[in-house]
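Q: Could you walk me through this one before I set anything up?
A: Gladly; here it is.

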Amino acid sequence: MAASPEELEQRLSHLRTELRGAVRARDKAETARIRRALREAEAAWEHALETEAEPDGAALPAEPPAPQASATTGAPRRTERPAHGSIPIREQVHQALTLLGAPAAPKLISSTYEAFFTESLVATKLASLRRDEERSFKAQGYARPYYICAALTHDRLVPARGLLALSTWPVERRIIGPLSPRADFLTHAVGTAEQIQRLTTAGHPTPDAAWRLLRRFALTIPGAYDAAAPEPDPARVIAAAHAEAAVHQQEDDQQRQAAAQRARTQLVDVQQLFGAAPMRDALRDASGTLS
(Lines give C-alpha, C1' and ligand atoms only; values in the text may rest on other atoms or scores of the structure.)
Protein backbone atom coordinates (compact mmCIF):
# COMPACT_ATOMS: atom_id res chain seq x y z
CA MET A 1 0.00 0.00 0.00
CA ALA A 2 1.36 3.40 -0.98
CA ALA A 3 2.34 5.75 1.82
CA SER A 4 0.08 8.71 2.56
CA PRO A 5 1.31 12.32 2.24
CA GLU A 6 1.36 12.57 6.05
CA GLU A 7 3.56 9.47 6.38
CA LEU A 8 5.90 10.76 3.68
CA GLU A 9 6.11 14.17 5.37
CA GLN A 10 7.22 12.46 8.57
CA ARG A 11 9.84 10.52 6.60
CA LEU A 12 11.06 13.71 4.94
CA SER A 13 11.39 15.43 8.31
CA HIS A 14 13.33 12.43 9.68
CA LEU A 15 15.63 12.35 6.65
CA ARG A 16 16.38 16.07 6.91
CA THR A 17 17.35 15.62 10.55
CA GLU A 18 19.66 12.77 9.54
CA LEU A 19 21.08 14.89 6.72
CA ARG A 20 22.01 17.74 9.06
CA GLY A 21 23.84 15.26 11.29
CA ALA A 22 25.71 13.70 8.36
CA VAL A 23 26.72 17.11 6.98
CA ARG A 24 27.97 18.29 10.37
CA ALA A 25 29.89 15.03 10.79
CA ARG A 26 31.38 15.55 7.29
CA ASP A 27 30.37 12.00 6.35
CA LYS A 28 30.26 12.37 2.57
CA ALA A 29 29.06 8.84 1.83
CA GLU A 30 26.19 9.07 4.32
CA THR A 31 25.31 12.57 3.11
CA ALA A 32 25.07 11.32 -0.49
CA ARG A 33 22.93 8.35 0.58
CA ILE A 34 20.50 10.54 2.53
CA ARG A 35 20.24 13.07 -0.30
CA ARG A 36 19.25 10.26 -2.67
CA ALA A 37 16.65 9.05 -0.18
CA LEU A 38 15.35 12.61 0.17
CA ARG A 39 14.92 13.01 -3.57
CA GLU A 40 13.03 9.71 -3.75
CA ALA A 41 10.82 10.64 -0.80
CA GLU A 42 10.09 14.09 -2.25
CA ALA A 43 9.07 12.55 -5.57
CA ALA A 44 6.82 10.07 -3.75
CA TRP A 45 5.28 12.92 -1.72
CA GLU A 46 4.54 14.94 -4.88
CA HIS A 47 2.89 11.89 -6.47
CA ALA A 48 0.87 11.10 -3.34
CA LEU A 49 -0.30 14.71 -3.10
CA GLU A 50 -1.41 14.75 -6.74
CA THR A 51 -3.18 11.42 -6.37
CA GLU A 52 -4.99 12.60 -3.23
CA ALA A 53 -6.19 15.72 -5.07
CA GLU A 54 -7.96 13.68 -7.77
CA PRO A 55 -11.45 12.40 -6.90
CA ASP A 56 -10.89 9.13 -8.76
CA GLY A 57 -7.38 8.61 -7.49
CA ALA A 58 -5.72 9.32 -10.83
CA ALA A 59 -2.56 11.42 -10.89
CA LEU A 60 -2.72 14.95 -12.28
CA PRO A 61 -1.26 15.34 -15.78
CA ALA A 62 2.31 16.65 -15.83
CA GLU A 63 1.78 18.63 -19.03
CA PRO A 64 -1.17 20.53 -20.46
CA PRO A 65 -3.40 18.53 -22.84
CA ALA A 66 -3.03 18.92 -26.59
CA PRO A 67 -5.22 21.66 -28.10
CA GLN A 68 -8.42 20.40 -29.72
CA ALA A 69 -9.37 21.23 -33.26
CA SER A 70 -12.06 23.84 -33.84
CA ALA A 71 -15.31 22.43 -35.19
CA THR A 72 -15.63 25.29 -37.69
CA THR A 73 -12.08 25.88 -38.95
CA GLY A 74 -10.29 22.63 -38.12
CA ALA A 75 -7.38 24.71 -36.74
CA PRO A 76 -5.87 23.90 -33.34
CA ARG A 77 -7.70 25.65 -30.55
CA ARG A 78 -5.92 27.00 -27.46
CA THR A 79 -6.88 25.30 -24.25
CA GLU A 80 -8.68 27.67 -21.90
CA ARG A 81 -6.85 28.42 -18.67
CA PRO A 82 -8.68 27.31 -15.53
CA ALA A 83 -9.73 29.86 -12.96
CA HIS A 84 -6.92 31.37 -10.93
CA GLY A 85 -6.11 29.95 -7.54
CA SER A 86 -6.61 26.22 -8.06
CA ILE A 87 -2.87 25.63 -7.46
CA PRO A 88 -1.25 27.40 -4.47
CA ILE A 89 1.29 29.98 -5.57
CA ARG A 90 4.13 28.32 -3.62
CA GLU A 91 3.55 25.13 -5.61
CA GLN A 92 3.57 27.09 -8.86
CA VAL A 93 6.91 28.65 -7.89
CA HIS A 94 8.26 25.24 -6.86
CA GLN A 95 7.39 23.78 -10.27
CA ALA A 96 8.96 26.68 -12.17
CA LEU A 97 12.17 26.68 -10.10
CA THR A 98 12.49 22.90 -10.40
CA LEU A 99 12.32 23.26 -14.17
CA LEU A 100 14.81 26.16 -14.25
CA GLY A 101 17.24 24.44 -11.89
CA ALA A 102 18.79 27.58 -10.34
CA PRO A 103 17.76 30.71 -8.40
CA ALA A 104 15.58 33.04 -10.47
CA ALA A 105 13.79 36.37 -10.34
CA PRO A 106 9.98 36.54 -10.04
CA LYS A 107 9.51 37.71 -13.64
CA LEU A 108 11.38 34.70 -15.04
CA ILE A 109 9.59 32.34 -12.65
CA SER A 110 6.26 33.71 -13.83
CA SER A 111 7.21 33.53 -17.52
CA THR A 112 8.44 29.97 -17.16
CA TYR A 113 5.38 28.75 -15.32
CA GLU A 114 3.00 30.32 -17.81
CA ALA A 115 5.02 28.92 -20.73
CA PHE A 116 4.73 25.30 -19.64
CA PHE A 117 1.73 24.99 -17.33
CA THR A 118 -1.96 25.71 -17.63
CA GLU A 119 -2.40 28.58 -15.16
CA SER A 120 -1.11 32.12 -14.86
CA LEU A 121 1.37 33.07 -12.16
CA VAL A 122 1.23 36.76 -11.29
CA ALA A 123 4.76 37.90 -10.50
CA THR A 124 3.59 40.67 -8.16
CA LYS A 125 2.14 38.02 -5.84
CA LEU A 126 5.65 36.75 -5.13
CA ALA A 127 6.67 39.89 -3.25
CA SER A 128 5.62 38.57 0.15
CA LEU A 129 6.01 34.84 -0.51
CA ARG A 130 9.56 34.49 0.79
CA ARG A 131 8.70 36.37 4.00
CA ASP A 132 5.66 34.12 4.51
CA GLU A 133 7.84 31.05 3.98
CA GLU A 134 10.42 32.31 6.48
CA ARG A 135 7.74 32.89 9.11
CA SER A 136 6.41 29.39 8.51
CA PHE A 137 9.88 27.85 8.85
CA LYS A 138 10.54 29.73 12.08
CA ALA A 139 7.24 28.45 13.48
CA GLN A 140 7.35 24.86 12.21
CA GLY A 141 10.93 24.05 11.23
CA TYR A 142 11.20 21.35 8.58
CA ALA A 143 7.50 20.47 8.71
CA ARG A 144 7.05 21.09 4.98
CA PRO A 145 8.79 19.05 2.28
CA TYR A 146 10.20 22.26 0.79
CA TYR A 147 10.27 26.01 1.30
CA ILE A 148 10.60 28.85 -1.18
CA CYS A 149 13.69 30.51 0.21
CA ALA A 150 16.44 32.94 -0.73
CA ALA A 151 19.56 32.86 -2.81
CA LEU A 152 22.51 34.12 -0.73
CA THR A 153 25.25 36.59 -1.62
CA HIS A 154 28.68 34.96 -1.55
CA ASP A 155 30.34 37.71 0.49
CA ARG A 156 27.82 38.71 3.19
CA LEU A 157 25.53 35.64 3.12
CA VAL A 158 22.47 37.92 3.08
CA PRO A 159 19.47 37.40 0.76
CA ALA A 160 20.36 38.14 -2.86
CA ARG A 161 17.98 40.85 -3.96
CA GLY A 162 15.03 39.60 -5.99
CA LEU A 163 16.13 35.95 -6.33
CA LEU A 164 14.12 32.97 -5.09
CA ALA A 165 15.39 29.42 -4.58
CA LEU A 166 14.32 26.06 -3.14
CA SER A 167 15.22 24.84 0.34
CA THR A 168 15.88 21.34 -1.06
CA TRP A 169 18.86 22.66 -3.05
CA PRO A 170 22.25 22.50 -1.31
CA VAL A 171 23.67 25.82 -0.11
CA GLU A 172 26.23 25.83 -2.95
CA ARG A 173 23.43 25.92 -5.48
CA ARG A 174 21.84 28.93 -3.79
CA ILE A 175 25.01 31.01 -3.46
CA ILE A 176 25.36 33.95 -5.87
CA GLY A 177 28.99 34.81 -6.60
CA PRO A 178 30.46 37.17 -9.23
CA LEU A 179 30.11 34.56 -12.01
CA SER A 180 26.90 32.94 -10.77
CA PRO A 181 24.34 35.12 -12.60
CA ARG A 182 25.70 34.00 -15.97
CA ALA A 183 26.17 30.41 -14.83
CA ASP A 184 22.59 30.30 -13.55
CA PHE A 185 21.33 31.88 -16.80
CA LEU A 186 22.91 28.99 -18.69
CA THR A 187 21.33 26.52 -16.26
CA HIS A 188 17.94 28.14 -16.90
CA ALA A 189 18.47 27.75 -20.65
CA VAL A 190 19.33 24.07 -20.29
CA GLY A 191 16.31 23.44 -18.06
CA THR A 192 13.98 25.12 -20.54
CA ALA A 193 15.41 23.20 -23.51
CA GLU A 194 15.23 19.89 -21.65
CA GLN A 195 11.56 20.47 -20.78
CA ILE A 196 10.77 21.10 -24.44
CA GLN A 197 12.60 17.89 -25.32
CA ARG A 198 10.51 15.99 -22.76
CA LEU A 199 7.29 17.38 -24.22
CA THR A 200 8.39 16.41 -27.72
CA THR A 201 9.42 12.91 -26.68
CA ALA A 202 6.08 12.39 -24.93
CA GLY A 203 4.20 13.55 -28.03
CA HIS A 204 2.79 16.69 -26.41
CA PRO A 205 2.67 20.01 -28.29
CA THR A 206 5.10 22.67 -27.11
CA PRO A 207 3.31 25.96 -26.30
CA ASP A 208 4.34 28.99 -28.33
CA ALA A 209 5.33 30.75 -25.11
CA ALA A 210 7.87 28.00 -24.36
CA TRP A 211 9.52 28.47 -27.76
CA ARG A 212 9.64 32.22 -27.18
CA LEU A 213 11.29 31.66 -23.80
CA LEU A 214 13.88 29.32 -25.31
CA ARG A 215 14.56 31.82 -28.09
CA ARG A 216 15.29 34.54 -25.53
CA PHE A 217 17.92 32.32 -23.96
CA ALA A 218 19.40 31.13 -27.25
CA LEU A 219 19.89 34.63 -28.67
CA THR A 220 22.44 35.47 -25.97
CA ILE A 221 24.40 32.18 -25.97
CA PRO A 222 27.15 31.91 -28.61
CA GLY A 223 26.37 29.16 -31.10
CA ALA A 224 22.92 28.40 -29.68
CA TYR A 225 20.75 30.11 -32.29
CA ASP A 226 20.36 29.51 -36.02
CA ALA A 227 18.56 32.48 -37.55
CA ALA A 228 17.53 30.36 -40.54
CA ALA A 229 15.63 27.86 -38.38
CA PRO A 230 11.96 28.52 -37.52
CA GLU A 231 12.54 27.63 -33.86
CA PRO A 232 15.65 27.11 -31.72
CA ASP A 233 16.96 23.55 -31.62
CA PRO A 234 16.82 22.46 -27.93
CA ALA A 235 19.78 20.10 -28.36
CA ARG A 236 21.85 22.88 -29.89
CA VAL A 237 20.94 25.25 -27.05
CA ILE A 238 21.92 22.65 -24.46
CA ALA A 239 25.27 21.96 -26.14
CA ALA A 240 26.10 25.66 -26.49
CA ALA A 241 25.10 26.41 -22.90
CA HIS A 242 27.26 23.56 -21.58
CA ALA A 243 30.18 24.74 -23.69
CA GLU A 244 30.02 28.26 -22.27
CA ALA A 245 29.35 27.06 -18.74
CA ALA A 246 32.56 25.02 -18.80
CA VAL A 247 34.53 28.26 -19.14
CA HIS A 248 33.18 29.64 -15.85
CA GLN A 249 32.44 26.47 -13.91
CA GLN A 250 35.66 25.85 -12.00
CA GLU A 251 36.02 29.39 -10.63
CA ASP A 252 32.31 29.75 -9.94
CA ASP A 253 32.19 26.38 -8.14
CA GLN A 254 35.16 27.34 -5.96
CA GLN A 255 33.55 30.64 -4.96
CA ARG A 256 30.22 28.98 -4.20
CA GLN A 257 31.79 26.15 -2.20
CA ALA A 258 33.89 28.53 -0.09
CA ALA A 259 30.83 30.68 0.67
CA ALA A 260 28.71 27.61 1.41
CA GLN A 261 31.28 26.35 3.89
CA ARG A 262 31.18 29.71 5.69
CA ALA A 263 27.38 29.60 5.69
CA ARG A 264 27.30 26.14 7.28
CA THR A 265 29.82 27.25 9.91
CA GLN A 266 28.43 30.69 10.72
CA LEU A 267 24.66 30.46 10.14
CA VAL A 268 21.87 28.57 11.87
CA ASP A 269 19.39 26.61 9.75
CA VAL A 270 16.90 29.44 9.18
CA GLN A 271 19.72 31.77 8.12
CA GLN A 272 21.12 29.17 5.72
CA LEU A 273 17.73 29.17 3.98
CA PHE A 274 16.70 32.82 4.23
CA GLY A 275 20.02 34.61 4.74
CA ALA A 276 21.72 36.42 7.56
CA ALA A 277 20.12 39.70 8.61
CA PRO A 278 21.67 42.67 6.77
CA MET A 279 23.62 45.01 9.06
CA ARG A 280 20.82 47.61 9.01
CA ASP A 281 18.32 45.04 10.32
CA ALA A 282 20.79 43.68 12.84
CA LEU A 283 21.32 47.15 14.31
CA ARG A 284 17.57 47.71 14.51
CA ASP A 285 17.03 44.34 16.23
CA ALA A 286 19.81 45.02 18.73
CA SER A 287 18.74 48.52 19.76
CA GLY A 288 15.06 48.68 18.89
CA THR A 289 15.78 51.70 16.71
CA LEU A 290 18.20 52.48 13.93
CA SER A 291 20.93 54.85 15.05
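What follows is a short chat about the overall make-up and then the strands.

Q: What is this model, and how many helices and strands are there?
A: This is a predicted model, and the protein contains eleven helices together with three strands.

Q: Which pattern do they follow along the sequence?
A: Reading along the sequence, the order is α-α-α-α-α-β-β-α-β-α-α-α-α-α.

Q: And what share of the residues is buried?
A: Of the 291 residues in the protein, 38% are buried. As for the surface, the protein exposes about 16000 Å², and 54% of that area is supplied by carbon and sulfur atoms.

Q: What about contacts between residues 24 or more positions apart?
A: Among the contacts in the protein with a separation of 6 or more, such pairs account for 60%.

Q: Switching to the strands, how many residues of β1 are buried?
A: Strand β1, which spans residues 148-153, is mostly covered, with six of its six residues buried.

Q: Which way do β1 and β2 run, parallel or antiparallel?
A: They run antiparallel, with four bridges joining β1 to β2, the strand at residues 159-166; within this pairing, Ile-148 stands opposite Leu-166 of β2.

Q: What lies between those two?
A: β1 and β2 form a hairpin with five residues between them, and Leu-157 in the turn has a positive phi of about 60°.

Q: Where does β3 come in?
A: Strand β3, at residues 175-176, pairs with β1 in the parallel sense over two bridges, and there Leu-152 stands opposite Ile-175 of β3.

Note on methods
Residues are numbered from 1 along each chain as its sequence is written. This is a predicted model: local features need pLDDT of at least 70, side-chain atom pairs count only at pLDDT 80 or more; totals for chains, interfaces and linings use all residues. Side-chain values use heavy atoms; hydrogens and water are left out. Buried means under 20% relative accessible area, exposed over 50%, partly exposed in between (1.4 Å probe, protein chains only). Contact means heavy atoms within 4.5 Å. Accessible areas come from the Shrake-Rupley method with a 1.4 Å probe; for residues, only the protein chains shown count as cover. Two strands pair if DSSP finds at least two bridges between them.
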